[in-house]
Amino acid sequence: MELLGKTNIDFIGMRKISFIISAIISIVGMIGVIQVGRGAANMGIDFSGGTSMQLKFSKPISIADARTALHKNGIAKADLQEIKDGNKLLVKMAGAAVGKPSEMVQTAFKKEFADNAFTVESSTEIGPSIGDKLRKDTLIAALLSMLGIIMYIAWRFDFKFGVGATLATMHDCLAMFAAFYLMNKEINLMFITAVLTIAGYSLTDTVVVFDRIRENLHKNLKGAMNTIFNDSINEVLSRTIVTSTTVFLAAISLFLFGGEVIHDFAFALLVGVIIGTYSSVFVASPIVVILENRALAKNTKTA
Amino acid sequence: MPKGTGWRISLIGIFVLLSFLYLTPTLVAKLPTWWSGLLPKDKIHLGLDLQGGTHLVMEVDTQKAVEGSLDLVATDLEDTLNSKNLRFKRISRNGFDKVSVVLYEKGTADTVQKLIKDKYPSYELSPTFDEGGFVALTLRVSDKDAQDRKDKSVQQALETIRNRIDQFGVSEPTIQREGINHIVVQLPGIKDPQRAIELIGRTARLDFKMVREDISPTSGTIPDDAELLKEKSVDSKTGAVTEIPIVVQKKPMITGDLLTDAQVRIDSQFNQPYVGIEFNSLGAKLFDQVTAANVGKRFAIVLDNNIHSAPVIRERISGGSAQISGSFTEKTAADLAIVLRAGALPAPVKIIQNVTVGPSLGQDSINKGLYAGLIGVLLVVVFMAVYYKLSGMIANLGMILNILFLMGALAALGATLTLPGIAAIVLLVGMSVDSNVIIFERIREELKLGKSPKAALDSGYDKAFLTIMDSHVTTLITAAVLFQFGTGPVKGFAVSLSLGVIINLFTSLIGTKVTFDLFLDRGKVKKMSI
């Protein structure tokens, strides 16, 4: 079977539109990152420190009731969230000390909902010092893996490709931040893991396209840059789509059937796969074309 | 058979065999007896997120350990000077790294100085100086010794915690030191995490101190050698807490490190549980002396700076056993006995991270994770079979080999499978297919150029090789960094991902290629099913 025969789409020509779209995504993503930096985004307690509990009640419970119950018992600030199946309630309290809050929540619910027994399915308490350490470690991890990848690409290709690949990868990471920021989903360690995974995946995708471009550049030294790039992208297009489809299939089954614990993680992967595919075609290559053309123009001027 | 096929097939065969060998302990509940010995026994451990349990990170307040040892030096000096009839005004710990000694005359100061130099050569001794008309000098613990003490305290705390957990009864606990002053404790499948946490985190410093009836707790001025502590009692019916302040002698008569045993017993009269304790010979002798000298007076049983009870000494107690009674339940009495047996922590610990997953959620996660994984694999298998026909099936075979090898490798390393680890495996499914897609698309291109199946296959693999290498190396870089900096679940993800990438490189470049070679070699295939 073949989904696509020989295609001849002018991807590079569409760069004006794609750059505008990407710019918007990137700006939203940057706002998201800034909000994360300021602590204004929906931060997971693994970074902010605090307590998060998942409770399973025997009967349905409304968030409003739960909130009043907590208020009555001296817990003023708690973030409550309902999990659709099975009367589950997520309670999140930022920046609190380890030990006390989870007990307080349990006593409050035991007192106020005496006829609605519950079990604690999971509870996570993280002290502020750990949160700080994790944030620092994560930042270092993100920077190091970026640096490693850029150095590898710069070594395997050349600087212009390195720039294109780096910008495209950053674009993908920003897009994931944008999606999570707009949907007010929690930024936690799992999300960062997903971002780094997608950074690797998107690079793979970009590298495959770049490989073909390089090969064609060697074969055809005289052709116009735009044509060579377009041809290369078209040649590997069906691979790009097939691979994305398979990864997408795997990720969507995690998203739909993997359970609430990895739901957001799978969602981040889905967003990342789509955006990573888009960026290797519409972002990475056009940037290299622009850089190559500029270099050529300079050369002809000096010559 | 084409050249070089033999060794490649044998290599795959060996790997398949090894994978099954290593997976056996994981898959088979009870290994036959002949298995143990030479054959592997490690199995894939399930992370706490999958089997339920508690993950704790504790911080040891190492500074307190240094202060504690300085307190000991101060008491020891007091005793020594007293026994030598050297008069002093005050000896006490000063700040976090010094002991100050205040004396009445210059003459004694010289003797004391000499004595200290002999007894504590590693301490830095200041020259004598004047302090409000008295002669003073200070001992400072050297930085190296302080560091040593801190290091030892973490090691001791680790041992003590390990003892407590062993006595509490948890199967396969992990207790590790992390960094300078952190201890990581993992308790898989624990039923009552709150109780375990209280048991582990308690300092459990036991002191017997005389009550100073001569000083009123409300007087506000308490002499240097006494301290104000509180006796807390909880009414078992109303739950109301009452606190009675009591002034006690600062210096303990007997401390908990002189204990040899602690057991829960039941009071036959009131049917109340209590903790019976046994002293070692030194403790027994001390206890005998103290009780003989203080009949009719009260002493306080002080646990972690709270007075547990303050009974009156009715008669001399010899024989070295005593009992701690109070409003215990059987559980609290048992826990107290455990911590007293295992010994006190050398310094207080603070729990700075506590992740607890209930067993039901863990089971739910395994089920859903496996279910999702299975569906993901199935979708990809079907897609590949439809899109690439027979070649797609070869890719699928490669993918299954991938999963098998990865599981085998995880088992061989005794690695821990976490939920993100399952996610990584599912992701690997997608990526494993990717290498084959890159190759197949190349082969299709070569076929379109009119090459024979065999030639198309070879040049397809050749041209795809670099691309595949590049894409795998970039993923490996990310995985390596995640492994270095990640904790818990993220580390599990990184392990699965990096192993998967390496294994995938092998199966896609050697595994599937050899299958193609075999197919194409037999009977000169005219057309390729791709």
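This is a predicted model, so every value I quote is computed from it. Start with the core. The largest nonpolar core holds 208 residues. The ones with the most contacts inside it are Met176(A), Val195(A), Ala251(A), Ala268(A), Leu340(B), Leu406(B) and Ala423(B). Which element gives the largest share of this core? Helix H9 of chain B, residues 359-412, with 18 residues.

Take Ala423(B) from that list. Beyond four places in sequence, Ala423(B) touches Leu254(A), Ile262(A) and Phe265(A), and also Phe493(B). One piece of background here. In soluble globular proteins, nonpolar side chains tend to be buried together.

Now the interface. How many residues of chain B are in contact with chain A? The count is 52, and they meet 53 residues of chain A. On the chain B side, five elements each supply at least two residues: strand E19 (349-357), H9, helix H10 (419-448), H11 and helix H12 (488-521). H9(B) gives the largest share of that side, 15 residues. Recall that H9 of chain B also gives the largest share of the core.

Is Ala409(B) buried or exposed? Buried, because it has 22 C-beta neighbours inside 10 Å, and the cut-off is 20 or more. Setting aside neighbours within four places in sequence, Ala409(B) contacts Leu499(B) and Ile503(B). Ala409(B) and Phe15(B) are 394 residues apart in sequence, yet their C-alpha atoms are 9.8 Å apart in space.

The next is Lys389(B), also in helix H9 of chain B. Lys389(B) is not a glycine, but its phi is positive, about 50°. Most residues other than glycine have a negative phi. Lys389(B) has 14 C-beta neighbours inside 10 Å, so it counts as partly exposed.

Ala204(B) sits in the loop between helix H6 (193-201) and strand E10 (206-210) of chain B. This one is buried, because 21 other C-beta atoms lie within 10 Å.

Five of its five residues are buried. Both faces are covered. Leu206(B), Phe208(B) and Met210(B) are on one side, with Asp207(B) and Lys209(B) on the other. What does E10(B) pair with? Five bridges join E10(B) to strand E16 of chain B, residues 299-303, and the two run antiparallel. Within that pairing, Lys209(B) has Ala300(B) as its bridge partner. E10(B) also pairs with strand E13 of chain B, residues 254-255, over two bridges, again in the antiparallel sense. There, Asp207(B) stands opposite Thr255(B).

Next, an open sheet in chain B. Three strands form it, in the order E14-E15-E18, with antiparallel pairing. Which are the edge strands? E14 (259-266) and E18 (321-324) of chain B, since each pairs on one side only. From one strand to the next, the twist averages 25°. Strand E15 of chain B, residues 273-279, pairs with E18(B) over four bridges. Gly276(B) is opposite Gln323(B) in E18(B). Helix H8 of chain B, residues 330-342, lies across E14 and E15 of chain B. Its angle to E14(B) is about 170°.

H11 of chain B, residues 453-485, has 33 residues. At 1.5 Å a residue it should span 48 Å, and the end C-alpha atoms are 47 Å apart, so the two agree. H11(B) does have a kink of about 35°, centred on Phe465(B).

Compare helix H5 of chain A, residues 128-156. H5(A) has 29 residues and reaches 42 Å from first C-alpha to last, close to the 42 Å expected. Its buried residues include Ile130(A), Leu134(A), Ala141(A), Met146(A), Ile149(A) and Ile153(A). Gly131(A), Thr138(A) and Ser145(A) are buried there too.

That's the tour. Questions, please.

Notes
Residues are numbered from 1 along each chain as its sequence is written. Chains are lettered from A and ligands numbered from 1 in the order in which they are written. This is a predicted model: local features need pLDDT of at least 70, side-chain atom pairs count only at pLDDT 80 or more; totals for chains, interfaces and linings use all residues. A nonpolar core is a set of buried Ala, Val, Leu, Ile, Met, Phe, Trp, Tyr and Cys residues joined through C-beta atoms within 7 Å. A residue is buried if 20 or more other C-beta atoms lie within 10 Å of its own, exposed if 12 or fewer, and partly exposed in between; C-beta atoms are placed from the backbone. Two residues are in contact if their C-beta atoms, placed from the backbone, lie within 7 Å. The expected span of a helix is 1.5 Å times one less than its number of residues. The bend at a residue is the angle between axes fitted to the seven residues ending there and the seven starting there. Two strands pair if DSSP finds at least two bridges between them. Axes are lines fitted to C-alpha atoms, for helices over the stretch in contact, and angles run from 0 to 180 degrees between N-to-C directions.
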